[in-house]
Amino acid sequence: MVKWWSPTLWGAHLLMVLACAAAVALGIWQYDVWHEHRVEEQRNLTDAPPVPINQIFGHDAPLPGNAVGQPVEVTGTWLTGATVLVQGRTDSSGRHGMWVVTPLTNGAANAPAVPVVRGWVPDGTRPSAVPPPPEKRIEVIGWLQPPEDDASAGGDGHAGILPDLEISAIAQRVHQDLYGGYVISKHSDSGLVAATLSQLPSVGASTALRNLLYAFEWWFFAGFAVYIWWRHVRDATTERPVEDAEAEDATDDPVASGP
């Protein structure tokens with residue numbers, strides 16, 4: 001009986017190893033291409049030219065999911081009395097601290113305001129110690145981010161320190177309507193450390209989907225190659241009953257299988 005390590009099966013073993021290695025490597029390559037395309041789509045949006053925020057959505061509409069991370073322009077004056085601190089934020093070096101958030105409005109009657117993350121301060125900073133924003137009219141360029149409203153968080157806008165950036169809590173401190181999102185300013189005010197982008201833009205489900213399917217296809221081929229190798233080795237190393245061998249010989253013998 002042929003053993004699985006018999007030289008007659010070395011060719012099958014080698015072919016299986018080469019086929020699996022090639023299929024797995026090609027699958028990993030296609031997966032990496034899929035991942036790189038998705039990362040690139042996120043990077044392209046955050047590096048896109050800024051547009052006025054009212055071109056993205058209105059203050060009475062929810063923030064579109066495909067606009068997360070979109071650079072926007074907001075022009076107006078600061079509502080200094082509505083400044084809050086948001087806990088649990090880190091700076092670019094990983095230090096724990098808080099965001100400084102102040103709404104910005106263009107000053108027109110009934111004009112909505114946009115909560116803007118002006119910068120970052122270390123933990124322990126009192127709201128009264130935060131540098132005030134400039135009183136002059138200013139243009140802010142930053143990234144759109146979705147709200148963090150959480151009904152269970154229990155934030156109080158009047159306390160000045162929030163556990164999350166809750167639009168509903170900030171609304172308690174202003175008389176204007178607020179946009180259903182906020183902006184992280186690219187440039188901090190003097191005395192503040194620049195805040196980091198908290199959420200990257202969403203990526204379409206179909207982005208580079210073909211590459212992901214190719215990856216699964218190659219990995220399936222690797223599994224199929226193992227199955228074919230296993231069947232071949234099993235058939236070659238399984239000892240057949242004598243009756244089956246004699247019957248096969250008789251079938252192959254034209255004299256024995258005559259009329």
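Strand S2 gives the most to the lining of the largest pocket, namely three residues. Strands here are DSSP runs of E of at least two residues, helices are runs of H or I of at least four, and both are numbered from the N terminus. This is a predicted model, in which local features need pLDDT of at least 70 and side-chain atom pairs count only at pLDDT 80 or more, while totals for chains, interfaces and linings use all residues. Residues are numbered from 1 along each chain as its sequence is written, and side-chain values use heavy atoms, without hydrogens and water.

A pocket is an open set of points on a 1 Å grid over the protein atoms alone, where a 1.4 Å probe fits, with protein on both sides within 12 Å along at least five of seven lines; lining residues have an atom within 4 Å of a point. The largest pocket holds about 210 Å³ of space. Its lining includes Pro52, Glu73, Leu104 and Tyr179. Strand S2 (71-78) and strand S4 (96-105) are the elements that give two or more residues to this lining.

Let us turn to the surface. Which residues form a nonpolar patch there? They are Leu26, Trp29, Tyr214, Trp218 and Phe221, with about 480 Å² of accessible area together. Such a patch joins nonpolar side chains (Val, Leu, Ile, Met, Phe, Trp, Tyr) within 5 Å, from residues with over 30% relative accessible area and no salt bridge. A salt bridge is a side-chain nitrogen of Lys or Arg within 4 Å of a carboxyl oxygen of Asp or Glu. Accessible areas come from the Shrake-Rupley method with a 1.4 Å probe.

Helix H1 (10-46) and helix H3 (209-237) each supply at least two residues of the patch, and H3 gives the most, with three.

Key. Points joined across faces, edges and corners; volume = space filled by probe spheres on them. Patch = residues over 30% accessible without salt bridge, like charges linked within 9 Å, V, L, I, M, F, W, Y side chains within 5 Å.
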